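Open the structure in your viewer and keep the selection tool ready. This tour tells you what to pick and what to look for at each stop.

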Amino acid sequence: MARTLVIGNKNYSSWSMRPWIALRATGISFDEVLIPLYTGDADKRRILAFTDSGKVPALVDGDVTIWDSLAIIEYAAERFPKAQLWPDDVAARAHARSVSAEMHSGFAALRSECGMNIHRPVGAKPLSEAAKGDIARIQQIWNDCRQRYGRSGPYLFGSFSGADAMFAPVIHRFRTYAIELDPIAQGYVAVMQALPAFREWTEAALAETLVIPRFETE
């Protein structure tokens, strides 16, 4: 089997977007299998045929299966070191992994209140103090990274890295829900939106017609 990335709906699946962007932006080749989410037992069985976790994303690379966005990025970084998914410098690499792990495990309020829904009309909504705190912390992370590493390129750690992939769905959340951002964060959003892999995912998401009612609440 060729290297295969199994993903969910591009409009909704923020976890699928992360490794997809990481691989596509760094030129790591893969076949894509898109299995719609929440459509019934048949599609659930299709996912289970790739991974016992029953969840997407999953990367199948020969006899190896990896099921988790950050784990896939870590695997790709080891398997394809020339892709430079993590910074070369030890301290910068530790920093990139730290902010990626924080994105992976944190920001529950923002995730809950501002789900990824790329075709949702742009518009603000009332947010809890917890979600506002998440937004402030993300901007703090971005500002810190850009101030430390901005001299070497336009991304969080200068060159594109796994950290940018981990934060990619947040770009859509901020756009969709009309979140006000500081100038540095706005500049970083513009850089990510111009990334060809980001544009490719977005265009495919907007072309999808399947609607999942549970994600269309607001």
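Predicted model: local features only at pLDDT ≥ 70, side-chain atom pairs only at ≥ 80, totals over all residues.

**Stop 1: the core**

Select Ile21, Trp142, Phe167 and Phe174. Of the 62 residues in the largest nonpolar core, these four touch the most other members. Now show helix α7, residues 162-176. Helix α7 gives the most to this core, with eight residues. In general, nonpolar side chains in soluble globular proteins tend to be buried together.

Zoom in on Trp142. Which residues does Trp142 touch, not counting those up to four places away in sequence? Its contacts are Leu156, Phe167, Val170, Ile171, Phe174, Ala185, Tyr188 and Val189.

Then look for another core, which lies apart from the largest one and has eight residues. Val6, Tyr12, Ile47 and Val56 are among them.

**Stop 2**

Turn to the largest pocket. The volume of this pocket is about 840 Å³. Select Tyr12, Trp15, Leu37, Tyr38 and Phe215. Of the 34 residues in the lining, these are the closest to the pocket's centre.

Next, colour three helices: α1 (14-25), α2 (41-48) and α5 (108-113). Each supplies at least two residues of the lining. What kinds of residue make up the lining of the largest pocket? Twelve are nonpolar, twelve are polar and ten are charged.

**Stop 3: the end of a helix**

Go back to helix α7 and pick Thr176, which is found there. Is Thr176 buried or exposed? Its relative accessible area is 1%, so Thr176 is buried; the cut-off for buried is under 20%. Show side chains here. A polar contact of 3.2 Å joins the side chains of Thr176 and Arg175. Beyond its neighbours within four places in sequence, Thr176 is in contact with Asn117, Arg120, Pro121, Val122 and Gly123.

**Stop 4: a loop with a tryptophan**

Select Trp67, in the loop between β4 (64-66) and α3 (69-79). Leaving out residues up to four places away in sequence, Trp67 touches Thr51, Ser53, Pro57 and Ala58. Trp67 and Asp52 are 15 residues apart in sequence, with their C-alpha atoms 9.0 Å apart in space.

Stay with Pro57, in the loop between α2 and β3 (58-61). The peptide bond from Val56 to Pro57 is cis, with omega near 5°.

**Stop 5**

Find the loop between α3 and α4 (90-105), where Leu85 sits. Leu85 counts as buried because its relative accessibility is 1%, and buried means under 20%. Leu85 and Gly162 are 77 residues apart in sequence, yet 5.1 Å apart in space, C-alpha to C-alpha. Among the residues that Leu85 touches are Ala22, Ile28, Ile73, Phe160 and Gly162.

Step to Gln84, in the loop between α3 and α4. Gln84 is partly exposed, at 44% relative accessible area. Check its backbone: phi is positive, about 55°, although Gln84 is not a glycine.

**Stop 6: one more positive phi**

Finish at Ala178, in the loop between α7 and α8 (183-194). Phi of Ala178 is near 50°, a positive value in a residue other than glycine. Ala178 is partly exposed, with a relative accessible area of 36%. What makes these backbone stops worth a look? Most residues other than glycine have a negative phi, and most peptide bonds are trans.

Notes. Residues numbered from 1 in each chain as written. Heavy atoms only, no water. Core = buried A, V, L, I, M, F, W, Y, C linked by side-chain atoms within 4.5 Å. Buried < 20%, exposed > 50% of the residue type's maximum accessible area, 1.4 Å probe, protein only. Helix = DSSP H or I, 4+ residues; strand = E, 2+ residues; numbered from the N terminus. Contact = heavy atoms within 4.5 Å. 1 Å grid on protein atoms, 1.4 Å probe; cavity = no way out; pocket = protein on both sides within 12 Å on 5 of 7 lines; lining within 4 Å. Points joined across faces, edges and corners; volume = space filled by probe spheres on them. Nonpolar A, V, L, I, M, F, W, Y, C, P; charged D, E, K, R; others polar. Polar contact = N/O pair within 3.5 Å; in protein donor to acceptor, adjacent residues only side chain to side chain.
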